[in-house]
Amino acid sequence: MENKETYWSENIRIIFICLAIWFVVSFGFGLLLVEPLNAIQLGGYKLGFWFAQQGAIYSFLGLIFWYGHKMNVLDKKYAQESK
Amino acid sequence: MEELKLYTYIAVFGTFALYFAIAWWARAGSTSDFYVAGGGITPMQNGMAIGADWMSAASFISMAGLIAFLGYGGSVFLMGWTGGYVLLAMLLAPYMRKHGKFTVPEFIFDRYYSKTARIVAVVCLIIASITYIIGQMKGVGVAFSRFLEVDYGLGLGIGMFVVWVYAVLGGMKGITYTQIAQYVVMIFAYTIPAIFISFQLTGNPIPQLGLGSTLADGSGVYLLDKLDLVVTELGFKEYTTANLGGTLNMFAYTISLMIGTAGLPHVIMRFFTVPSVQAARQSAGYALVFIGLLYTVAPAVGAMARLNLMNTIEPVAGENLAYAERPQWFKDWEKTGLLKFEDKNGDGLIQYTSNKTDAPITITGSISGKEIVLLPNEMVKVDRDIMVLANPAIANLPNWVIALVAAGGLAAALSTAAGLLLAISSSISHDLMKGVLTPDLSEKNELLAGRIVMTIAILVSGYLGMNPPGFAAGTVALAFGLAASSIFPALMMGIFSKKMSGTAAVSGMCAGIGITMLYVFQHKGIMFIPGTSFLGDSGPNWFFGISPNAFGAVGALVNFATAFIVLQFTGPAPAHIQALVENMRAPGDAPAAHDH
């Protein structure tokens, strides 16, 4: 029972980190901070514009795989403890 | 032209033959095959199938066109339609897979122990799916009539027949394997022209990099800077900063599309087809890989198509194309009525500017600072949807590339239609008939019922595609609004709030849908009938400037708030439901998706 609860709270913590990054790269860099970031160039891209049309998507991808990886590790840990 | 037609026939009917062969090989034998493909799909296969299921005619044909004309404002679609997968992977899919049932309404029924909740979910699902399907059917008809010059109705009929064969025969199993093939067709059709065009314009064949590169004309100017300059000189908004109705509207629009994506039942259903919870998380990642491949190319397609279009009409500033010398693609699209030219000043040249009046006006270029006289705009109609379809022709690409685009557009429309049809038929045969009306239905009869319902759904959507109701244009907004304001919050609270009760969740769902529909109808007309809107459809009348398409986010907030307030007054869910939620959250393997 205790196991289940720590597993869940660790899951929540990982989700929280992921969603914070999710918010920052899309709503933060792509929308709210787009003007100051546009002053910086990434090749021919304005940085804010790049986040909105490219960078956010790459970050989402990284987040989902990182989350999957973290949860697999967590799943293994708790599967062993319950044995 | 004849050669093009031959190639197009080969591409279109060759891919159809492939879909039939797959359908025969993967036909369904049980309800488990029919609803969840027997639960034996690998994460990568599932990711590809989700990609095809998700990317509709709208993603394939319309999105790059929208971006081409909205510029930076079009980012809401790119972020909104991909960010939802992060929410799916972390907040919904794994727990719903752990629970192990066939459909979304069934999950809602188990979690909220209420037939009312199940019926509300079925109704939301059917409205959202039917409205979505009309668009796919129209896409099929348009693709046939444009590329093969057959009658719109006949094209639609052929499309209906093809979907019928593999969806009714194969159920989820047939659909999944066909969608994998359709994804491959679609992604080649989308990226090959983009690679050609990116290479032509910038010398870099990778569109994502080409968009950030300098032009290949030796000027050393960045493509995006050039585009910004060209459009502002004609009085349009600067491409890379053009806003879409203000930051708050873009914010709400993006959230609505994200949670709408995460709440669309035909997408969620696909996560029930994999064998484990780990595989469900992984499929979301693979899905986004395959979707992202198209979505990161789309902004390049949009920007490059816009630049090519501008350059065709005005190759050098001040030297406009003569109407008599217009290229073949221009004439082809004029025939469809999607491109229209009126020689307002009678000079025989084409002026394409932002000036919608009948007299010249003088502006100051926002980048160059020069005084510019804008003649009245003579391109009275440039339909956004032609950008992807006309793009290969505008860039003078070989005929086989154009033929491939036709097959890709059809693959996009058919794969999404099939996924939606399955969501509709399962919600009727499994949730409404087996779950509520006739619980003693045998598996064999349920399978038969599923097939009959799907056939009826194909006929209904074909009819609606033939006679699109007046509200067809506004329906995608409605589908996303419904999913965002009703289904997503109900599912999320069901997993993350153990105490959430059935009464509270149903109140929340009704409040969320209610306010979203009210808002859409008050600005767009009741059932989108013109003249019945009681508040005007324009910026000043909108709530904090939030457009009706972006209102799903507000609907979702209302849903959450209502549910938690009602929960305070009516008491928490019973203990056995709380135990059920505990089990969803616990580590360990999921049972195979099953019936009861």
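Visitor: Is Gly245(B) buried, partly exposed or exposed?

Guide: Gly245(B) counts as partly exposed because it has 18 C-beta neighbours inside 10 Å. Gly245(B) lies in the loop between α10 and α11 of chain B; helices (H or I, at least four residues) and strands (E, at least two) are DSSP runs, numbered from the N terminus. The C-alpha atoms of Gly245(B) and Ile546(B) are separated by 7.9 Å, although these residues are 301 residues apart along the chain.

Visitor: What kind of model is this, and how are its parts numbered?

Guide: This is a predicted model, in which local features need pLDDT of at least 70 and side-chain atom pairs count only at pLDDT 80 or more, while totals for chains, interfaces and linings use all residues. Residues are numbered from 1 along each chain as its sequence is written, and chains are lettered from A and ligands numbered from 1 in the order in which they are written.

Visitor: Which class of exposure do Pro327(B) and Ala561(B) fall into?

Guide: Pro327(B) is exposed, because 12 other C-beta atoms lie within 10 Å. Its place is the loop between α13 and α14 (328-336) of chain B, and its C-alpha atom is 9.4 Å from that of Ala393(B), 66 residues apart along the chain. Ala561(B) counts as partly exposed, because it has 14 C-beta neighbours inside 10 Å. Ala561(B) belongs to helix α20 (residues 552-570) of chain B, and its C-alpha atom is separated by 7.4 Å from that of Gly508(B), 53 residues apart along the chain.

Visitor: What is the phi of Tyr113(B), and what is that of Asn396(B)?

Guide: Most residues other than glycine have a negative phi. Phi of Tyr113(B) is near 40°, a positive value in a residue other than glycine. Tyr113(B) sits in the loop between α6 (104-112) and α7 (115-147) of chain B, and it is partly exposed, with 16 other C-beta atoms within 10 Å. For Asn396(B), phi is near 60°, again positive in a residue other than glycine. Asn396(B) is in the loop between α15 and α16 of chain B and counts as partly exposed, with 13 C-beta neighbours inside 10 Å.

Visitor: How do the axes of α1(B) and α16(B) cross?

Guide: Two packed helices are described by the angle between their axes and the distance between the axes. Here the axes are lines fitted to C-alpha atoms over the stretch in contact, and angles run from 0 to 180 degrees between N-to-C directions. The axes of α1 (residues 2-25) and α16 (residues 399-437) of chain B come within 8 Å and cross at roughly 35°. The crossing is right-handed, that is, the near helix is turned clockwise from the far one by less than a right angle.

Visitor: Which residues make the contact of α1(B) with α16(B)?

Guide: Two residues are in contact if their C-beta atoms, placed from the backbone, lie within 7 Å. Among them are Leu4(B), Tyr7(B) and Ala11(B) of α1(B), and Trp400(B), Ala403(B) and Ala407(B) of α16(B). By class, the contact has twelve nonpolar, three polar and one charged residues; Ala, Val, Leu, Ile, Met, Phe, Trp, Tyr, Cys and Pro count as nonpolar, Asp, Glu, Lys and Arg as charged, and the others, Gly among them, as polar.

Visitor: How many residues does the largest nonpolar core have?

Guide: A nonpolar core is a set of buried Ala, Val, Leu, Ile, Met, Phe, Trp, Tyr and Cys residues joined through C-beta atoms within 7 Å. The largest one has 227 residues, and Met186(B) and Leu421(B) have the most contacts inside it. α13(B) gives the most to this core, with 21 residues. Leaving aside residues up to four places away in sequence, Leu421(B) touches Val163(B), Ala167(B), Met454(B), Ala457(B) and Ile458(B).

Visitor: Into which domains is chain B divided?

Guide: Domain bounds come from an automatic or database domain assignment. Chain B is divided into domain 1 (2-309 + 389-585) and domain 2 (320-388). In contact are 24 residues of domain 1 and 19 residues of domain 2, and α4(B) gives the most to the domain 1 side, with eight residues.

Visitor: How many residues does each chain bring to the contact between chains A and B?

Guide: Chain B brings 40 residues and chain A brings 35 residues. The largest share of the chain B side, eleven residues, comes from α13(B).

Conventions: Buried ≥ 20, exposed ≤ 12 C-beta atoms within 10 Å, placed from the backbone.
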